[in-house]
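Subject: A structure for you to explore

Hi there,

Here is the structure I promised you. Have a look around it first, and then read on for what turned up.

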Amino acid sequence: MDRKFLLFFLGWYFGMISLAQAQKPALLTGEDSLHQQLGPSTIIGGYGEAAYQRDIDQGASKIDLVRTVLFVGHQFNDRISFFSELELEDAKVEGGDAGGEIAMEQAYLKFSGKRNPQNYWVAGLFIPRIGILNEDHLPVNFNGVERPLVEQLVIPATWRELGIGYYGSLSAWPLQYTVALVNGLDAADFSHGTGIREGRFEGRNATANNLAVTASVRVNPGSFQLQVSGYAGGTNGLNKRESDSLGLAHGLFALPLYLGEADAQYWHEGLHVKILGTYISFPDAADVNKAYANNVASGMYGAYAEVGYNLFHRAAGRLQKQQLNLFARYEWIDLNNRISANAIYDGTLRQSHLVVGAGYLPIPNVVIKADVRFQHTGPQNPALVINPNPAAPPYQQNNSFVNLGIGYSF
């Protein structure tokens, strides 16, 4: 690699974090205000979003209150505070009906350092720093009605687990880092088509027989922010007897899963560029498929590149505090990039998505969004079609979706 290019790339990577924080309003949400250490106080905030989608191929439309989240936090003193988020998805939960979920998205204590409040511990149910969206998932902060699919299907955001973590920064260098110990995943719930997403415990009856370690490093020179993050942990929480009966290894890091991620962001006036890539390695997928027949892959990846531009960045008067963001994002996903001998390949899990759209923010806390997503996949494998309907049209590798949405945060 050319040395000048390498130095430029490293300079770009090490510049994003502080600028990103500086461009956000100081008290954008209740949660942000709690980070300001204002003294003993209780803060209420939240966010939510609703969306309409038209599936062009199927000729079907749906509209949904995607999520409503209530944040409640409390500052006990200048060093200890509490953060919580209660989330309701799909507006309603009723026994016997599919869909809908009520869940704690966060519930943790924060212990700030005495000399440097930027260095702190967290303990409880929290969101590790993995990728871009996981920590920064307010609807006013990302382009598009739908969250980036890579950070839903490969990185299963919002990804929260129980554990303890440390967030640190260096005073002499523009560098931040995190390290955390959390409960592991459950490979029994990995499912074909959704990667590792269903294997999260999210704070509910999580096994502590297997554990995981996450870590990240961020650097920010000038108008850039670069980050690398990773996850390594066990996916089998069964005891020895149960594991032996299924032919599975057991222990703290048994059936290990590894996830690596790197991302870069760049800001300049009205321009915002994002690039992210991630890969999952699951070496013991064959053992899991033999035990549970869930057709999980041993290798999965995703990547996306996005360019956004705020047409109002030079505006004056009433438009000065408003935003009109035009954007385009291209995503690549393959949830069966590598499969074991006892797995069945599914071409529909090799996908590309082009999303183009706009978001209008009359104030920083409210957004109105519209976009079109063009989807292309590999061919369908007939061996995976269960109870085929003779009257159903053949699978279409190309499809498009029209999305409209609103979002808010406070």
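Predicted model: local features only at pLDDT ≥ 70, side-chain atom pairs only at ≥ 80, totals over all residues.

Asn-143 counts as buried, because its relative accessibility is 15% and the cut-off for buried is under 20%. You will find Asn-143 in the loop between E5 and H4. Its side chain makes a polar contact of 2.9 Å with the side chain of Glu-306. If you set aside neighbours within four places in sequence, Asn-143 touches Gly-308, Asn-325, Phe-327 and Arg-329 as well as Glu-306.

Next, the nonpolar cores. In soluble globular proteins, nonpolar side chains tend to be buried together. Here the largest nonpolar core has 40 residues, and Phe-190, Ile-196, Tyr-231, Leu-257 and Phe-282 are the ones with the most contacts inside it. Several elements give two or more residues to this core, including strand E7 (175-183), strand E10 (257-268), strand E11 (271-281) and helix H6. The largest share, three residues, comes from E5.

Leaving aside neighbours within four places in sequence, its contacts include Phe-190, Ile-196, Tyr-231 and Phe-282, along with Leu-185, Ala-232 and Ile-280. Another core, of six residues, lies apart from the largest one, and Tyr-47, Val-140, Leu-361 and Val-367 are among its members.

Now for helix H6, which spans residues 285-292. Which of its residues are buried? Ala-285, Val-288 and Asn-289 are. They cover an arc of only 100° around the axis, so they sit on the same side of H6. Just after this helix, Ala-293 takes a positive phi of about 55°.

E2 gives the largest share of the lining, five residues.

Enjoy exploring, and write back with any questions!

Best wishes

How values were computed: Residues numbered from 1 in each chain as written. Heavy atoms only, no water. Buried < 20%, exposed > 50% of the residue type's maximum accessible area, 1.4 Å probe, protein only. Helix = DSSP H or I, 4+ residues; strand = E, 2+ residues; numbered from the N terminus. Arc of directions from axis to C-beta. Core = buried A, V, L, I, M, F, W, Y, C linked by side-chain atoms within 4.5 Å. Contact = heavy atoms within 4.5 Å. Polar contact = N/O pair within 3.5 Å; in protein donor to acceptor, adjacent residues only side chain to side chain.
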